[in-house]
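User: Hi there! I'd like to talk through a few local features of a model, one question at a time.

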Amino acid sequence: MADRTPLAAGNWKMNGTAAALDQVKALADAQGSAASDILLCPPATLLQRMAQAAEGTKISVGGQDCHWNEIGAHTGDVSAAMLKDAGATAVILGHSERRADHAETDEIVRNKTKAAWEAGLMAVVCVGETLAEREAANTIAIIEGQLAGSLPEQATGHNLVVAYEPVWAIGTGKVPTTDQIGEVHDMIRSRLIERFGAGVGKSVRVLYGGSVKPSNATEIFAVENVDGALVGGASLKADDFGGIIAALDTAKG
Ligand code: PGA
């Protein structure tokens with residue numbers, strides 16, 4: 001593998017109040033010597049407290065979305081600079097739940113990614129096909145289109161992570177075959193190299209996301225060009241997420 005540090009990213013979605021910070025401490029205690037990078041993305045209300053709880057540990061903290069503007073009249077929104085100010089080093093962008101629930105287009109995701117980079121955050125940009133798109137054999141074309149439209153120029157191995165998350169695998173317990181995962185990850189790697197050059201293209205981490213659990217993590221992480229996972233439900237419990245991190249360390253170590 002190229003010089004890509006494996007990354008286990010947890011997306012807490014709209015889950016977690018102050019009591020859940022216990023899980024951060026438990027995870028930090030259990031994973032103090034993990035080789036993989038660990039990122040937890042809690043709801044915005046928990047960001048600052050989680051960043052404080054994670055200080056001095058292996059765990060970095062990120063947001064789940066940001067606005068494309070730095071400040072202004074955008075009720076309910078949070079800017080990348082605000083995430084950074086609260087202690088975030090990264091932000092998830094273009095998650096399929098945002099694309100579906102908030103009508104986020106590739107152009108919006110691209111502008112948000114630019115804003116994240118301007119604030120100095122690493123962007124975890126999500127792409128993925130729906131079940132109808134997969135059944136119509138459109139997966140590759142859909143992901144290529146999302147990549148082309150959602151990624152700005154100026155990508156580097158430090159500011160960009162791509163997460164491949166089939167919409168039909170998120171929160172469903174359904175997981176693509178390792179061949180299906182490999183096909184998409186190889187294609188993403190090729191497109192990144194074509195667009196950004198071999199140096200950058202080989203250094204951007206490409207995560208798989210969608211129903212990753214300790215029980216299926218080893219198989220998924222054995223796939224070439226899978227550099228880690230974006231984990232929803234199983235990132236809420238330190239034991240489960242710790243099991244996934246351990247599998248990633250073993251697979252890529
Ligand atoms: P899941 O979610 O692990 O609960 O399927 C993944 C995600 O949406 O990032």
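Analyst: A residue is called buried under 20% relative accessible area, exposed over 50% and partly exposed in between, using a 1.4 Å probe and protein chains only. This is a predicted model, where local features need pLDDT of at least 70, side-chain atom pairs count only at pLDDT 80 or more, and totals for chains, interfaces and linings use all residues. Residues are numbered from 1 along each chain as its sequence is written, and side-chain values use heavy atoms, with hydrogens and water left out.

User: Are Tyr164 and Tyr208 buried or exposed?

Analyst: The cut-offs above settle this one. Tyr164 and Tyr208 are both buried.

User: What geometry does the aromatic pair of Tyr164 and Tyr208 have?

Analyst: Rings of Phe, Tyr and Trp (its six-membered ring) pair if their centres lie within 6.5 Å; planes under 30 degrees apart count as stacked, over 60 as edge-to-face and the rest as tilted. The count by this rule is one aromatic pair. Tyr164 and Tyr208 sit 6.2 Å apart centre to centre, with 65° between the planes, so the pair is edge-to-face.

User: Which strands does the pair link?

Analyst: Strands (E, at least two residues) and helices (H or I, at least four) are DSSP runs numbered from the N terminus. The partners are 44 residues apart, in distant parts of the chain. Tyr164 is in β6 (residues 160-164) and Tyr208 in β7 (residues 205-209).

User: Is Gln154 buried or exposed?

Analyst: Gln154 lies in the loop between α7 (139-150) and β6, and has a positive phi of about 70° although it is not a glycine. Its relative accessible area is 63%, so Gln154 is exposed.
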